[in-house]
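Q: Could you take a close look at one part of this model for me? I'd like the details spelled out residue by residue.

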Amino acid sequence: MFIKPSNRIRESEITPESVYRERRRFMQLTLGAGALAAASGAGAKPGFVADAGAAVGPDWLKQKIADAEPYGEKVTDKLTPYEHVTSYNNFYEFGYDKSDPAKHSGTLQPHPWKVEIAGHAEKTGAFNLEDLLAKVTLRERVYRLRCVEAWSMVIPWVGFELGELLKQFKPTSRAKYVAFTTLLDSKQMPEQASRFSTIDWPYREGLRIDEAMNPLTLLAVGLYGKPLPNQNGAPLRLVVPWKYGFKSIKSIVKIEFTEKQPGTSWNVRAPNEYGFYANVNPEVDHPRWSQASERRLPSGLFSPNIIDTQMFNGYADEVAHLYKGMDLRKHY
Amino acid sequence: MKAVTWRRLFIFMVALAPFGWIFYRTISQQLGADPAKTIVLFTGEWAIYFLFASLAVTPLVRSAKWRWLMPHRRMLGLFALFYALCHVASYLVFILGLDFSRFFAELVKRPYITAGAPAVLILIALGATSTKAMMRRLGKRWQSLHRLVYVALGLAWVHVLWQVRSSYFEAVIYGILAALLLGYRLYWRQKMARKKAL
């Protein structure tokens with residue numbers, strides 16, 4: 001008797017050996033990330049993670065990251081391998097090619113690091129990163145990252161809920177927004193001195209206070225169980241998984257509670273292309289390209305890994321209520 | 001062999017080297033997270049470089065007296081076409097997965113592709129008419145047809161400019177080069193006109 005398979009496999013779907021090998025590596029990485037989170041000992045480095053060189057940090061941070069609360073939920077997406085997460089970046093302070101940040105971010109000195117907390121809060125001031133991290137619980141979170149350029153990755157971050165930190169500074173009733181600023185120092189970030197740049201440095205981003213307080217919103221200090229490499233925004237970066245990647249500002253030196261909606265770099269540069277909200281939305285296209293689908297990286301040559309983009313990047317259950325009654329075509 | 005043949009062989013090998021380099025990086029899996037995009041950008045950039053190279057021949061022959069270069073102009077132009085075709089082919093195969101319905105959607109959605117497509121069509125037409133036989137057959141019209149290369153260059157420039165995100169660097173450099181090459185031709189035309197008047 002001939003039993004017909006329920007799902008016929010198209011020829012294009014049959015996996016070439018190179019891709020198959022890559023997938024095996026994936027699986028090792030996925031397992032490895034869990035094992036890593038559980039591993040004790042500072043800076044435990046499994047052999048299969050390519051050493052990016054820049055993924056170094058002080059021992060206290062390595063220890064803290066190694067002790068982070070492991071991610072409890074089931075991971076259904078395949079993780080993007082460490083080597084790709086750390087070599088394919090938009091971090092224009094170090095160049096405009098995707099490979100530039102990994103090559104040129106060695107000038108950034110993320111330790112020691114101070115963050116200024118300012119604006120409408122009872123407590124403000126400049127704090128050492130170490131002191132800020134003493135106030136919060138580090139957790140591993142696996143998030144999808146959807147870039148406005150229509151590619152995406154899945155990354156195991158290590159960080160803490162932004163809200164957990166912000167509450168401790170007791171924002172006042174006038175704190176309607178939270179504004180973030182990246183380091184401004186062309187010695188450490190050479191492209192900030194470029195005459196051809198379209199961005200007015202330093203890079204700035206912002207969130208509405210309820211977005212900032214949402215439990216999904218993360219301030220990350222690590223990925224794949226290691227301190228953030230410079231090219232990924234060391235030592236402290238925002239991760240807002242339901243918004244396009246450019247909202248997730250890197251190498252943060254200032255967090256300010258504001259009453260008015262703060263200016264944000266890409267929105268100021270091209271307001272018709274990049275909104276303040278920048279929620280992932282397959283129904284609202286960028287003026288120069290469609291946002292209905294995305295290429296999940298790594299993408300194979302003969303099997304472009306194209307998937308449908310989900311509303312709020314698949315986090316609608318957690319965040320859709322924040323935008324009730326808003327016209328998302330207008331507030332893109 | 002004659003010197004010109006050696007030179008032809010040498011230029012051919014050098015012009016093919018970028019292709020060899022990207023081919024090697026592809027088969028040895030060194031293209032990173034998004035190999036398709038890397039290949040498409042790489043071949044597109046080399047198409048533009050060869051377009052500039054072929055347009056630089058005339059000024060170099062006229063003003064720097066590099067007469068030996070003239071017989072190789074055609075090959076430089078054909079390499080611009082070669083890399084442009086690689087650019088389009090890798091876009092169709094690696095980015096779109098040969099899904100042509102998406103191609104037409106992209107053509108409308110992404111205006112920089114709308115600008116780039118006719119540039120490639122022009123290069124194809126120029127490549128097809130680049131033989132000696134075609135030159136003879138077209139006579140005077142050959143020259144006017146091949147002036148379309150300036151239109152192709154302009155379109156390629158717009159194609160780059162419309163993709164600018166964080167830096168104008170590339171677009172500015174290409175713009176300056178194009179202006180210099182065009183400016184030289186205007187200067188030469190005036191110079192010749194004055195000579196005639198005398």
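Is A:Asp77 buried, partly exposed or exposed, and what is its relative accessible area?

A: Keep in mind that this is a predicted model. A:Asp77 is partly exposed, because its relative accessible area is 22% and the cut-off for buried is under 20%.

Now for its partner. The side chain of A:Asp77 meets that of A:Arg144 in a salt bridge, at 2.9 Å from N to O. The two come from distant parts of the chain: A:Asp77 is in the loop between H2 and H3 of chain A, A:Arg144 is in strand E3 of chain A, and 67 residues separate them. In general, side chains of opposite charge can pair when their charged atoms come close.

The pair also belongs to something wider. A network of salt bridges links A:Asp77, A:Arg144, A:Arg146, A:Glu294 and A:Arg296. Over all chains, the search of the whole structure turns up 16 salt bridges.

A:Glu69 forms a salt bridge with A:Arg139, and their closest N and O atoms are 3.4 Å apart. A:Glu69 counts as partly exposed at 41% relative accessibility, whereas A:Arg139 counts as buried at 19%.

For comparison, take a bridge elsewhere in chain A. The side chains of A:Arg288 and A:Glu273 meet in a salt bridge, 2.8 Å from N to O. Both residues lie in the loop between H8 and E11 of chain A, so the pair ties together parts that are 15 residues apart in sequence. A:Arg288 counts as buried at 12% relative accessibility, and A:Glu273 is buried as well, with a relative accessible area of 17%.

A:Ala150 sits in the loop between strand E3 (139-146) and strand E4 (151-161) of chain A. Its phi is positive, about 75°, although A:Ala150 is not a glycine. A:Ala150 is buried, with a relative accessible area of 9%. A:Phe312 is another residue other than glycine with a positive phi, near 50°. You'll find A:Phe312 in the loop between E12 and helix H9 (316-319) of chain A, and at 4% relative accessibility it counts as buried. As background, most residues other than glycine have a negative phi, and most peptide bonds are trans.

One joins A:Ala234 and A:Pro235, with omega about -5°; A:Pro235 is found in the loop between strand E8 (226-227) and strand E9 (237-239) of chain A. The peptide bond from A:Leu297 to A:Pro298 is cis too, and its omega is near 0°. A:Pro298 has its place in the loop between strand E11 (293-296) and strand E12 (306-308) of chain A.

Next, the rings. There are 33 aromatic pairs over all chains. One of them is A:Tyr92 with A:Trp266: the ring centres are 5.9 Å apart and the planes stand at 70°, so this is an edge-to-face pair. It links distant parts of the chain, 174 residues apart, with A:Tyr92 in the loop between helix H3 (82-85) and helix H4 (100-104) of chain A and A:Trp266 in helix H8 (residues 265-269) of chain A. A:Tyr92 counts as buried at 11% relative accessibility, and A:Trp266 is buried with a relative accessible area of 5%.

Last, a quick word on the other chain. Chain B has nine helices and zero strands, and 40% of its 198 residues count as buried. Its C-alpha atoms fill a box of roughly 60 × 40 × 35 Å along the principal axes. Ring pairs link a cluster in chain B, including B:Phe12, B:Trp46, B:Tyr49 and B:Phe82. On the surface, B:Lys2, B:Arg8, B:Arg74, B:Lys132 and B:Arg136 gather in a patch of positive charge. Of these, B:Arg74 lies in helix H3 (residues 73-95) of chain B and is partly exposed, with a relative accessible area of 45%.

Conventions:
Residues are numbered from 1 along each chain as its sequence is written. Chains are lettered from A and ligands numbered from 1 in the order in which they are written. This is a predicted model: local features need pLDDT of at least 70, side-chain atom pairs count only at pLDDT 80 or more; totals for chains, interfaces and linings use all residues. Side-chain values use heavy atoms; hydrogens and water are left out. Patches are made of residues with over 30% relative accessible area and no salt bridge: like charges are joined within 9 Å, nonpolar side chains (Val, Leu, Ile, Met, Phe, Trp, Tyr) within 5 Å. Accessible areas come from the Shrake-Rupley method with a 1.4 Å probe; for residues, only the protein chains shown count as cover. A salt bridge is a side-chain nitrogen of Lys or Arg within 4 Å of a carboxyl oxygen of Asp or Glu. Lys and Arg count as positive and Asp and Glu as negative; His and the chain ends are not counted. The place of a charge is taken as NZ of Lys, CZ of Arg, CG of Asp or CD of Glu. Helices (H or I, at least four residues) and strands (E, at least two) are DSSP runs, numbered from the N terminus. Buried means under 20% relative accessible area, exposed over 50%, partly exposed in between (1.4 Å probe, protein chains only). Rings of Phe, Tyr and Trp (its six-membered ring) pair if their centres lie within 6.5 Å; planes under 30 degrees apart count as stacked, over 60 as edge-to-face and the rest as tilted.
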